[in-house]
Amino acid sequence: MTGASNLPAIIAALTFAGVILAIALNLLDLVVAGLLGAVLLRVLGIVSQETAVSSINAGFDTIGLFFGGMVVARALIPTGVFDYLGARVLRLVRGDGRLLLLSIIVMTAPICALLPNTTVVILFAPLLIRVCRKMGIDFAPPVMLLVFVANASGLLTLVGDPATFIVGNSLRMNFASYLYLLSLGGLLSLFALALMLPISFRSIWRTRAPVENVEIPKIEHLGVLIIGISILALMMTLFVVGESLPVRLGPPGVAIVGASLILLTIYLSGIDTVSGVLSDIDWETLLFFICIFVMVGALDSTGVIAAVGSRLRDVFGSEIASASVIILSTVGLLSSTVPNIPLVVAMVPIVKQYAVSQGWATPTQIAAGYGHIPVHALPLFYAMMYGATLGGNGTIFGASSNIVAAGICVREGRRLGYVEFARYGIPVMVVQLIVIAIYLKLRFLR
């Protein structure tokens, strides 16, 4: 198509690119940029109301999953469990920088496998800052490590990171299949990060600071905490078996069930108000999800995604092994520059179109999802998961948890700038992507 017939596609592509650049260059708040982009496309008639609604419906699983996780995490705050854990960490490390860094990995990784990584950073960064001040050390490097662990831990399960879930959900992959096929990659990326600690965090690693006896705060509302932990255990169980129940319950449904139960507990116990819990939810990120899904719907309906996908042969090549590695590195590098959530939302349909154009899968197989897509085509999507999640570690704009951590540091009187973050983040990202490239090659591309 040429001329006026191609104008909607050009406008959709330029609007999406403009939104991403405005966020990456910190020209606009991400919600403002997302809303302006979505509204512009709707006002100009580039995206119809029907397309906008269907695009939001397609993204509801992602929104529901992370809403549920945020509610569960926030509802546990009044129990004092997070203050308790922070004090325990301080007593455990005894002023030893090595133990501090290793404890961040050990404590954060299991939690981030189940709860949204941004929420975990919000909960743990202030506690970590308190520990660092007790030790008399700069808290910015440990907070950055917290972010790196939170992002990488999102690869441990299907529900741990928005980018991971968006790709997995688009393939209709279930929780158990993800654990079997891809969780090991997340563990390897964490292991690689642990090996880098003596070099990347040299000054903290060498710290030996005398710390006075730490008082362990009392856990409040123990009964509510026990119920909350039981709800988390139930959620974990349903994540694994929910899709095989007579009434299928996917990860988003499980998260909503968990949120409902914890809100009921909060209401009946009276330790907090339901409105108080809901007011602290990261509504900005959820609204941004909605805007991005609308804009990607416009890219799809105007033919941009089909056009880009059919032309990727020149970039990715015609051989799956090399294409997978190129996707891993390309998406990883892009994710270190622009926020990974909108990037992966746009890349999923593009890579699907690329697989179809190469003859590796039919449109029917792609639509049917995991179990129907030929096994040899799946590494393309695995590479995208790993690249988007680990690439987010590269710079301060790579993932929402990075931006949140920088904001917390500023509130605590310590500016965390782009260059400083990149000095730590880029080596971590590069090493983790190399480890994953080797894992993909040995596991799926032989």
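Why does Val-32 count as partly exposed? I looked up its relative accessibility, and Val-32 counts as partly exposed because the value is 37%, where buried means under 20% relative accessible area, exposed over 50%, and partly exposed in between, with a 1.4 Å probe and protein chains only.

I note that this is a predicted model, in which local features need pLDDT of at least 70 and side-chain atom pairs count only at pLDDT 80 or more, while totals for chains, interfaces and linings use all residues. Residues are numbered from 1 along each chain as its sequence is written, and side-chain values use heavy atoms, with hydrogens and water left out.

Entry: I placed Val-32 in helix α2, residues 30-43 (helices are DSSP runs of H or I with at least four residues, numbered from the N terminus).

**Entry: largest pocket.** I recorded a volume of about 870 Å³ for the largest pocket (a pocket is an open set of points on a 1 Å grid over the protein atoms alone, with protein on both sides within 12 Å along at least five of seven lines, and lining residues have an atom within 4 Å of a point; a volume is the space filled by probe spheres set on the points). Its lining holds 35 residues, with Ala-58, Gly-59, Ser-170, Val-348 and Lys-352 nearest the centre. Helix α20 gives the largest share of this lining, 7 residues, and by class I read 18 nonpolar, 11 polar and 6 charged residues.

**Entry: second largest pocket.** I noted about 630 Å³ of space in the second largest pocket, which is lined by 20 residues, the closest to its centre being Leu-30, Ser-400, Ile-403, Val-404 and Gly-407. Here α23 gives the most to the lining, with 7 residues.

**Entry: cavities.** I counted 5 cavities of 30 Å³ or more, a cavity being a set of points where a 1.4 Å probe fits but cannot get out. The largest cavity holds about 80 Å³ of space, and among the residues lining the largest cavity are Gly-86, Ile-104, Phe-124 and Leu-146. Helix α7 supplies the largest share of that lining, 4 residues, and the lining has 8 nonpolar, 2 polar and no charged residues.

Technical notes
Helix = DSSP H or I, 4+ residues; strand = E, 2+ residues; numbered from the N terminus. Nonpolar A, V, L, I, M, F, W, Y, C, P; charged D, E, K, R; others polar.
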